[in-house]
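Good morning, everyone. Let me walk you through one structure today. Please have a look at it first.

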Amino acid sequence: MRRTVLERFPAGGPRGSRPAEEFARARRDEGVPAEVVMDLDTDAFLVVIPKQGSESR
């Protein structure tokens, strides 16, 4: 599945801080199907949505 990245957040935030989760929750409250995934290569949390339109297989 292809995804569109809405925002990136560094993984090394202060303890108890979850800016990626908060950003994703705000997008979901707006009706956008946002979710948080971890990009291990860049050590960052990504807020993504499924790519819009038809997918090629």
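I start with a definition: a residue is buried when its relative accessible area is under 20%, exposed when it is over 50%, and partly exposed in between, using a 1.4 Å probe and protein chains only. Buried residues make up 19% of the 57 residues in this chain.

A word on the source. This is a predicted model, where local features need pLDDT of at least 70 and side-chain atom pairs count only at pLDDT 80 or more, while totals for chains, interfaces and linings use all residues. Residues are numbered from 1 along each chain as its sequence is written, and side-chain values use heavy atoms, with hydrogens and water left out.

Now the overall layout. The chain has 1 helix and 3 strands. Read from the N terminus, the order is β-α-β-β. Helices (H or I, at least four residues) and strands (E, at least two) are DSSP runs, numbered from the N terminus. The C-alpha trace spans about 40 × 30 × 10 Å along its principal axes.

Next, surface. The chain exposes about 4600 Å², and carbon and sulfur atoms supply 47% of that. These areas come from the Shrake-Rupley method with a 1.4 Å probe; for residues, only the protein chains shown count as cover.

Contacts now. A contact means heavy atoms within 4.5 Å. Take the contacts between residues at least 6 apart in sequence: 55% of them join residues at least 24 apart.

V37 sits in strand β2. Leaving out residues up to four places away in sequence, V37 touches R3, A44, F45, L46 and V48. V37 and R8 are 29 residues apart in sequence, and their C-alpha atoms are 9.9 Å apart in space.

For contrast, go to P14. P14 lies in the loop between β1 and α1. P14 is exposed, because its relative accessible area is 61%. P14 and G31 are 17 residues apart in sequence, and 28 Å apart from C-alpha to C-alpha.

On to salt bridges. The term means a side-chain nitrogen of Lys or Arg within 4 Å of a carboxyl oxygen of Asp or Glu. How many does a search of the whole structure find? The search finds 2.

D39 counts as buried because its relative accessibility is 18%. R8 is partly exposed, at 48%.

R27 and E30 form a salt bridge too, with the closest N and O atoms 3.0 Å apart. R27 is in helix α1 (residues 19-29). Is R27 buried or exposed? R27 is buried, because its relative accessible area is 18%. E30 counts as exposed, at 55%. Apart from residues up to four places away in sequence, R27 touches L6, V32 and A34.

Now the largest pocket. On a 1 Å grid over the protein atoms alone, a pocket is an open set of points where a 1.4 Å probe fits, with protein on both sides within 12 Å along at least five of seven lines; lining residues have an atom within 4 Å of a point. Its volume is about 180 Å³. That volume is the space filled by probe spheres set on the points, which are joined across faces, edges and corners. The lining includes F9, P10, P14, V36 and F45. Two elements give two or more residues to this lining: β1 (3-10) and α1. The largest share, 3 residues, comes from α1.

F45 comes up again at the surface. M38, L40 and F45 form a nonpolar patch there, with about 300 Å² of accessible area together. Patches are made of residues with over 30% relative accessible area and no salt bridge; like charges are joined within 9 Å, and nonpolar side chains (Val, Leu, Ile, Met, Phe, Trp, Tyr) within 5 Å. F45 is in strand β3 (residues 44-50). F45 is partly exposed, because its relative accessible area is 32%.

Last, a backbone detail. Most residues other than glycine have a negative phi. The phi of D43 is near 55°, a positive value in a residue other than glycine. D43 is in the loop between β2 and β3. D43 is partly exposed, with a relative accessible area of 48%.
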